[in-house]
Amino acid sequence: MNPDPKTLIAQVGPYPPEKNGIGDYVSDLVHALSERDPGVSNLVLACRIPGAPERGPGVWRCWDPHSNWPDELLRAVDEARPRLVHIQHGMYMGHGGRVERFLDGLRSRRIPGVVTLHGVWPETLVRRWPRRFHRALGTSAARIVIHQGAGSIAVLLAHGVPAERIAIIPLGTRPAPAIDRGQARRELGLPDGRLALFAGLIFRRKGLHTVIRAFEGVARDVPGARLLAVGRERMAQPLDWAYRTWLHRLARRSRTSGWLDFRPGHVSEEELSLAIAAADAVVFPYLRPYGSSSAMLHRVLAAGRPAVCSRVPTFAEASEAWGEDLPELIVPPGDVESWRRSLRALFSRDDLLARAAAASARLGRANPLTAMADEHLRLYRALLAPGA
């Protein structure tokens, strides 16, 4: 039985309290959709997590990405009877035939299936699946949503996805809590002085090692400068274990000099907000070459903190907004010396820090969550219109 007489949209993905960035995105999206259009009802068909009830208001935890999940989800769809199903795709659910099978099941039920790709991978000599996967999505999905064109549009078109099946909806920015910097530092036990922050899931392509290696020179040139690194370490692949071992060895050497504060592990929402508020700048030394967006960057923008980003597709919006006026904020990925020069310049000049903070705040205001929700609602209405 349909749990709500309104237009029901089902979102498929992880959901809090699961520790997953896509789950946080789903939570932001469904709340913004409900706020912008009371005529739309949202049901999250979420991944099961230990200890969480299978049914709750607006959330059915009804599938496991490691199982035969298309059948589980289709049973839930048959019970809920949504008008449209929106899949929030990430590597957690794989890129094989199960996604296609679920979309085909929706088509046989005459239910439009929308897929947001939270990462668009190019094809390489050793990674051959993206072309087949994207081409299949272009056939089975009513629309493929991406957050920005950089690193994504050209790949999808080259892989045979029709241009009319692609929708670009920029990532929305959630308002940040107002936290005094001094209070944040006291609660986190941080001293005075310039502070750079790295925050988020830690694995090789996030490039934490680049900024650690660069910061030795920054700390020498800017007395009292420190680097705070927080986040959970990914342990999904054998390479993750090797990287963790090497990173901890690098961190141990850096800690002896007193400028590195490395706090690996889960970071609560409150702790993350405090860390962002405490920072003079937040670093994003990513190495990943594929098309995506960064929810962490948008948290930093909302807080009005300067962001120093790698010149990769993930940060194309920042590069476009700041690249000419503030070149110090866009740095070649993996270039230790360039990262050292940029952070040294930023931490040595109050005027540059102030301009960088203002640029972050402007970009954060450009795409609020409400705008993202409105774009989704327009897409849903177009797909649900008579004769669509």
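The model is predicted: local features need pLDDT of at least 70, side-chain atom pairs count only at pLDDT 80 or more, and totals for chains, interfaces and linings use all residues. Residues are numbered from 1 along each chain as its sequence is written, and side-chain values use heavy atoms, with hydrogens and water left out.

Start with the nonpolar cores. A nonpolar core is a set of buried Ala, Val, Leu, Ile, Met, Phe, Trp, Tyr and Cys residues joined through side-chain atoms within 4.5 Å. Buried means under 20% relative accessible area, exposed means over 50%, and partly exposed lies in between (1.4 Å probe, protein chains only). The largest core holds 67 residues, and V12, L45, W63, F102 and L117 touch the most other members. Helix α14 (residues 369-384) gives this core its largest share, 8 residues. Helices (H or I, at least four residues) and strands (E, at least two) are DSSP runs, numbered from the N terminus. Take F102 as an example. Leaving out residues up to four places away in sequence, F102 touches V12, W69, P70, L73, L74, V77, V85 and I87. Contact here means heavy atoms within 4.5 Å. A second, separate core has 65 residues, including A199, V308, F315 and L352.

The buried ones are M296, L297, H298, R299, V300 and L301. What covers them? The cover includes the strands β9 (195-199), β12 (281-284) and β13 (307-310). It also includes the helices α9 (269-278), α11 (316-322) and α13 (350-366). At the start of α10, a side-chain oxygen of S294 comes to within 3.4 Å of the backbone nitrogen of M296. After the helix comes G304, with a positive phi near 70°.

S360 belongs to helix α13. Its relative accessible area is 0%, so S360 is buried. Apart from neighbours within four places in sequence, S360 is in contact with L301, G304, R305, P306, A307 and W322. L301 is one of the buried residues of α10, and G304 follows that helix.

Helix α12 (residues 336-348) contains R344. R344 counts as partly exposed because its relative accessibility is 30%. Setting aside residues up to four places away in sequence, R344 touches V218, D221 and V222. The side chains of R344 and D221 are joined by a polar contact of 3.4 Å. A polar contact is a pair of N or O atoms within 3.5 Å; within protein, one must be able to donate a hydrogen and the other to accept it, and residues adjacent in sequence count only if both atoms are side-chain atoms. R344 and A214 are 130 residues apart in sequence, yet 9.7 Å apart in space, C-alpha to C-alpha.

On a 1 Å grid over the protein atoms alone, a cavity is a set of points where a 1.4 Å probe fits but cannot get out; a pocket is an open set with protein on both sides within 12 Å along at least five of seven lines; lining residues have an atom within 4 Å of a point. Grid points are joined across faces, edges and corners, and a volume is the space filled by probe spheres set on the points.

The second largest pocket has a volume of about 360 Å³. It is lined by 18 residues, and I111, P112, A142, L383 and A388 are the closest to its centre. Helices α3 (97-108), α4 (129-140) and α14 each supply at least two lining residues. α14 gives the most, with 3. I111 lies in the loop between α3 and β6 (113-117). At 11% relative accessibility, I111 is buried. Beyond four places in sequence, I111 touches V77, P82, R83, L84, V85 and L106.

How many cavities of 30 Å³ or more are there? The search of the whole structure finds 3.

Last, the cysteines. A disulfide is a pair of cysteine sulfur atoms within 2.5 Å. The whole structure has 0 disulfides. The sulfur of C47 has its closest cysteine sulfur in C62, 8.8 Å away, so the two are too far apart for a bond. C47 is buried at 2% relative accessible area, and C62 is buried at 12% relative accessibility.
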